[in-house]
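Thanks for asking me to look this one over.

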Amino acid sequence: MLQLIRKLFGTEHTGNTTPTSEMSDAELWDELLATVRPPRSKPLRSRLSDPQFANVHEWLKPPTDCPMAKAMMRSLIDVQRSNGWKQFAEITLLYEIGDESYDEPPESSVRGVGGLCHILERPGMICWRTNPDDPDEFQKIEITLNRG
């Protein structure tokens, strides 16, 4: 999934820093807080400290077992490293545990992705396969931004 995200957003790893795929959860968390700053926004560290986004903070914070949270941390770091914010127009994740899983994503992940969409001011979508007989059949949750 991470390779797909990198390909879609043109965020192949470059430079002399450790590739995010080789970083521990703690290293990902530290770099996420230290460096990620979307354009026209406060640094992610200050947004995650806002009580309104406590669920996002808890979803991302190590030790997290959620593969979606880890993929998001890696993707955000890669986007920041490559200065690819203009190409990062939407957050789209495919929730897939394994070949035999057709379950919905956990509610904590749905809330985490939703909160992250609002922090980053980008719409989002979470997709998952629902039919073992049709691998192209998906359910989806769309996350829109309410601008009032």
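1. A word on the overall picture to start. In the protein chain, 63% of the contacts with a separation of 6 or more are between residues 24 or more positions apart. Please keep in mind that this is a predicted model. The chain has 148 residues, and 41% of them count as buried.

2. Next, the layout. The protein chain contains six helices and three strands. Going along the sequence, the elements come in the pattern α-α-α-α-α-β-α-β-β.

3. Two pairs of residues illustrate contacts across the sequence. Ala 71 and Thr 20 are separated by 51 residues in sequence, yet their C-alpha atoms are 9.5 Å apart in space. Ala 71 belongs to helix α5, and its relative accessibility of 8% is why it counts as buried, the limit being under 20%.

4. The second pair is Asn 55 with Gly 112: 57 residues apart in sequence and 6.0 Å apart in space, C-alpha to C-alpha. Asn 55 sits in helix α4. Leaving aside residues up to four places away in sequence, Asn 55 touches Arg 111 and Gly 112. With 31% relative accessibility, Asn 55 counts as partly exposed.

5. How do their axes cross? Helix α2 (residues 25-35) and helix α5 (residues 67-82) have axes that come within 10 Å and cross at roughly 45°. The two helices are therefore oblique to each other, and their crossing is left-handed. On the α2 side, the contact is made by Asp 25, Leu 28, Trp 29, Glu 31, Leu 32 and Thr 35; on the α5 side, by Lys 70, Met 73, Arg 74, Leu 76, Ile 77, Gln 80 and Arg 81. Sorted by class, this contact holds six nonpolar, two polar and five charged residues.

6. Staying with α2, which of its residues are buried? They are Leu 28, Trp 29, Glu 31, Leu 32 and Leu 33.

7. The axes of α5 and helix α6 (residues 107-120) come within 10 Å and cross at roughly 20°, which makes α5 roughly parallel to α6. This crossing is right-handed. Met 68, Met 72 and Leu 76 of α5 meet Ser 109, Val 113, Leu 116 and Leu 120 of α6. By class, the residues of this contact are six nonpolar, one polar and no charged.

8. On the cysteines: how many disulfides does a search of the whole structure find? The count is zero. As a reminder, a disulfide is a covalent bond between the sulfur atoms of two cysteines. Cys 117 counts as buried because its relative accessibility is 0%. Cys 127, at 14% relative accessibility, counts as buried too, since the limit is under 20%.

9. A backbone point to check by eye: Pro 62 and Pro 63 are joined by a cis peptide bond, with omega about 0°. Pro 63 is in the loop between α4 and α5.

10. Lastly, two residues have a positive phi without being glycine. Arg 40 has a phi of about 55° and lies in the loop between α2 and α3. Arg 40 is exposed, because its relative accessible area of 76% is over 50%. Asn 83 has a phi near 55° and is placed in the loop between α5 and β1 (91-95). Asn 83 is exposed as well, with a relative accessible area of 62%.

Terms used
Residues numbered from 1 in each chain as written. Predicted model: local features only at pLDDT ≥ 70, side-chain atom pairs only at ≥ 80, totals over all residues. Heavy atoms only, no water. Axes fitted to C-alpha atoms, helices over the stretch in contact; angles between N-to-C directions. Helix = DSSP H or I, 4+ residues; strand = E, 2+ residues; numbered from the N terminus. Parallel < 35°, antiparallel > 145°, perpendicular 65-115°, else oblique. Left-handed = near helix turned anticlockwise from the far one by under 90°. Contact = heavy atoms within 4.5 Å. Nonpolar A, V, L, I, M, F, W, Y, C, P; charged D, E, K, R; others polar. Buried < 20%, exposed > 50% of the residue type's maximum accessible area, 1.4 Å probe, protein only. Disulfide = S-S within 2.5 Å.
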